[in-house]
Amino acid sequence: MVVRMRRNRSQTAKRRSHHAISGTRLSTCECGALRVSHRACPKCGKYNGRVIIDIVARAKRDARRAKRKQTELRESGQTSETKEATQN
Ligand SMILES: [Zn+2]
């Protein structure tokens with residue numbers, strides 16, 4: 001038996017020629033930074049004019065976590081990454 005309505009490779013490729021995804025659409029925040037729409041701004045933490053994310057607290061938390069990770073690496077004897085981090 002043969003498929004009567006079978007699409008050949010060319011027809012499939014022609015249909016798929018419109019399927020390419022474009023880059024992310026970025027809008028500018030009121031602070032001037034680029035941000036993804038419907039997401040809070042990573043620079044100022046605002047969404048729709050209101051402050052949603054406490055940027056200062058988050059930066060402190062990230063610094064504390066990085067420091068803790070460094071100490072854990074040092075204690076476990078993996079000093080190669082810490083050396084690289086201090087060089088850079
Ligand atoms: Zn912003």
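**Charged pairs and their surroundings**

Modeller: Arg-61 is partly exposed, its relative accessible area being 29%. On this scale, a residue is buried under 20% relative accessible area, exposed over 50%, and partly exposed in between, using a 1.4 Å probe and protein chains only. The model is predicted, so local features need a pLDDT of at least 70 and side-chain atom pairs count only at pLDDT 80 or more, while totals for chains, interfaces and linings use all residues. Residues are numbered from 1 along each chain as its sequence is written, and side-chain values use heavy atoms, with hydrogens and water left out.

Arg-61 takes part in a salt bridge with Asp-62, in which the closest N and O atoms lie 3.8 Å apart. A salt bridge here is a side-chain nitrogen of Lys or Arg within 4 Å of a carboxyl oxygen of Asp or Glu. In general, side chains of opposite charge can pair when their charged atoms come close. Asp-62, with a relative accessible area of 41%, is also partly exposed. By the rule above, the count of salt bridges is three.

Another of these pairs joins Arg-68 to Glu-72, with 3.5 Å between the closest N and O atoms. Because the two are four residues apart in helix H2, about one helical turn separates Arg-68 from Glu-72. Arg-68 is exposed at 58% relative accessible area, whereas Glu-72, at 43%, counts as partly exposed. Helices (H or I, at least four residues) and strands (E, at least two) are DSSP runs numbered from the N terminus. Helix H2 covers residues 55-76, which is 22 residues. The expected span of a helix is 1.5 Å times one less than its number of residues. After H2 comes Gly-77, with a positive phi near 95°.

The side chains of Lys-46 and Glu-30 also form a salt bridge, at 3.3 Å from N to O. This pair links distant parts of the chain, 16 residues apart: Lys-46 lies in strand S3 (residues 46-47), and Glu-30 in the loop between strand S1 (26-28) and strand S2 (34-36). Lys-46 is partly exposed at 26% relative accessibility, while Glu-30 is exposed at 58%.

The numbering leads from here to the metal site. The zinc ion is coordinated by the SG atoms of Cys-29, Cys-31, Cys-41 and Cys-44, at 2.2 to 2.4 Å. Donors are N, O and S atoms within 2.8 Å of the metal (3.2 Å for Na, K and Ca); water is not among the atoms, so sites may look incomplete. Along the chain, the zinc donors follow the spacing C-x1-C-x9-C-x2-C. The angles between the four donor atoms run from 107 to 111°, and the arrangement is therefore tetrahedral; four donors count as such if all angles lie between 85 and 135 degrees. Cys-29 counts as buried, at 10% relative accessibility, but Cys-31 is partly exposed, at 42%.

Finally, the setting of these parts is the whole chain. It has three helices and four strands, in the order α-β-β-β-β-α-α from the N terminus. Of its 88 residues, 9% are buried.

Definitions and conventions. Tetrahedral: all angles 85-135°; square planar, octahedral: opposite > 155°, others 65-115°.
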